[in-house]
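Dear colleague,

Please find below the structure that I am handing over to you. I would be grateful if you could read the notes after it with the model open.

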Amino acid sequence: MEEVLSSEPGSHIAALFDFDGTIISGYSATAMLREKFQRREMSVEEIAETAQVIAQHSLGNIGFSGLMSAAAKFMKGVDEESFTEFGEELYKKHIARKIYPETRAIIEAHQAKGHRVAIISSATIYQIEPTARDLGITDIKCSSYEIEEGVFTGEIIRPLCFGEGKVLAAEELAAEYGLDLDQSFFYSDSDDDIELLERVGKPRPLNPNMKLKGIADERNWPVQRFASRGTPSWVDYTRTIYATGSLIGAFAAGLPIWALTRSQREAVNFSMGLFGDFATAITGVELEVEDERYLWSARPCVFIFNHQSKADVMILAKLIRRDMGGVGKKEIKDIPILGKLMEWGGTVFVDRADGKSAIKAMEPLVDAIRKEGKSICIAPEGTRSLTPKLEPFKKGAFHLAMQAGVPIVPIVIHNATDVAPKNEFVMRPATVRVTVLPPVDTSKWSVRTLNAHVRDVRNMFLRTLGQAEEEGELAETAKVKPAKKVSEKKAEPKSAKKKASPRKERKA
């Protein structure tokens, strides 16, 4: 990162990235085969033939061209459109959570320097394009299947983007954009890419295989290895199981307080703080909190946060600590023990598919704010996002703040996906940045201007995350204003059919 940020800026410098093993952990082709197998879209004969081809390739009896040719034969007669849809589904279910957060950060650093970022991969566009779109990469050079009238013919287009083919692809990019490859970067995990690594001025092995590691050591190429993705260790599993189970232990620890004082509130407060402290500690999650004072300056309030990870629960418990309630999807209520504990802790469960029911279910939250002085924590996105990109906001939290007459306090979580992305069970150690924004006054809001208020608050998140803001007319009455301080407290201590596209490469 330091090297990239201190490098010469300008679009004449390229930052080229391999895909499998470099941007994502593992191989997208493996995920593709697994998904097809789970869908039962492969016959017994296809499974046997695929296994034989892979074995022959692993033994060196056939090259990459032979491997791709065999794969192309399975595609004969398939509509490209259906395969593109399959690629999108593959990204959502498997690929998105495999993206290395460190590689994402490197890509963003290159983009900030104005470098031309591109993916050059032997994989196909269907495996790469959804990830490229997420990362803001518009240039892709990759291997291609032949297509006629929107249907795969069962043949490949040569040259493939492999070995010397990657050099040709890089030179095509250089000719198109006026790139200086002698000043450019190429990131790869495999010695299969040695030709392009030797062609650029700044070869950068990431997660290299043994052969590439040996070459890098001989030539003094800087090497980086990332452990944030890939096969978890037994320690990672142990951390996660203990952190998840600690919710039960924390509430059990609060039972004597409830029994002896008859104060459910104090028992829940104790348990919530204990859970946040223990779960973050056992998983190795450290928090860097900016403007923590805003967590305490305007209570009761409605806390809203961007929902990236299952780790958000323990992060918020550690931050907010006491006098809080929340909203969860109704399915959680049916989970044995967990549902009861969350309900006891002040969570209201709503049916997201039934808007009227959800609004009615939130009525107790208004009473909790007004009568009990509790603050309510809500994720306006409604569910966890696949990536750090902010999703559209729902209006429930904003209606709640208006009805209760309290401010909104935005909590911006920058990188909880580093701990555990969506669909990932294991939580890994990470330092998570959190920014608490100033309380937003809702006293003069109205239903008529609510859309503008939602957009403006969402733009506060987008600015803080460094993402493009949502455009729209700003009515004078709809501008976000800081809330007046209600009370000042010292901060708590931290404890099937598709368009034909027979081109050899495409831009995402």
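The notes below set out what was found, grouped by region.

This is a predicted model, in which local features need pLDDT of at least 70, side-chain atom pairs count only at pLDDT 80 or more, and totals for chains, interfaces and linings use all residues. Residues are numbered from 1 along each chain as its sequence is written, and side-chain values use heavy atoms, with hydrogens and water left out. Helices (H or I, at least four residues) and strands (E, at least two) are DSSP runs, numbered from the N terminus.

I begin with the loop between α13 and β9. R321 is found in this loop, which runs between α13 (312–320) and β9 (324–329). R321 counts as buried, at 12% relative accessibility; buried means under 20% relative accessible area, exposed over 50%, and partly exposed in between (1.4 Å probe, protein chains only). Its side chain makes a polar contact with the side chain of D277 at 2.9 Å. A polar contact is a pair of N or O atoms within 3.5 Å; within protein, one must be able to donate a hydrogen and the other to accept it, and residues adjacent in sequence count only if both atoms are side-chain atoms.

N269, in helix α12 (residues 264–283), is buried, with a relative accessible area of 7%. Leaving aside neighbours within four places in sequence, N269 is in contact (heavy atoms within 4.5 Å) with R321, R322 and D323. The side chain of N269 reaches the backbone nitrogen of D323 at 2.6 Å.

A salt bridge is a side-chain nitrogen of Lys or Arg within 4 Å of a carboxyl oxygen of Asp or Glu. The side chains of E266 and R322 meet in one (3.4 Å, N to O). E266 lies in helix α12 and R322 in the loop between α13 and β9, so this pair ties together parts that are 56 residues apart in sequence. Both residues count as partly exposed, E266 at 38% relative accessibility and R322 at 26%. A network of salt bridges links R265, E266, R322 and D323.

A search of the whole structure finds 25 salt bridges. Among them is the one between K213 and D217, whose side chains meet at 2.8 Å, N to O. K213 and D217 are separated by about one helical turn, because they are four residues apart in helix α10. K213 is partly exposed at 28% relative accessibility, and D217 is partly exposed at 45%. The side chains of D456 and R455 also form a salt bridge (3.9 Å, N to O); here D456 is buried at 7% relative accessibility, and R455 is buried at 11%.

Some backbone features may also interest you. The peptide bond from R158 to P159 is cis, with omega near 0°, and P159 is placed in the loop between β4 (151–157) and α8 (164–177). A cis peptide bond also joins R299 and P300, with omega about -5°; P300 is found in the loop between β7 (285–290) and β8 (302–305).

The loop between β7 and β8 also holds D291. Phi of D291 is near 60°, a positive value in a residue other than glycine, and D291 is partly exposed, with a relative accessible area of 27%. N220, likewise not a glycine, has a positive phi near 60°. N220 lies in the loop between α10 (210–219) and α11 (234–261) and is exposed, with a relative accessible area of 67%.

With kind regards
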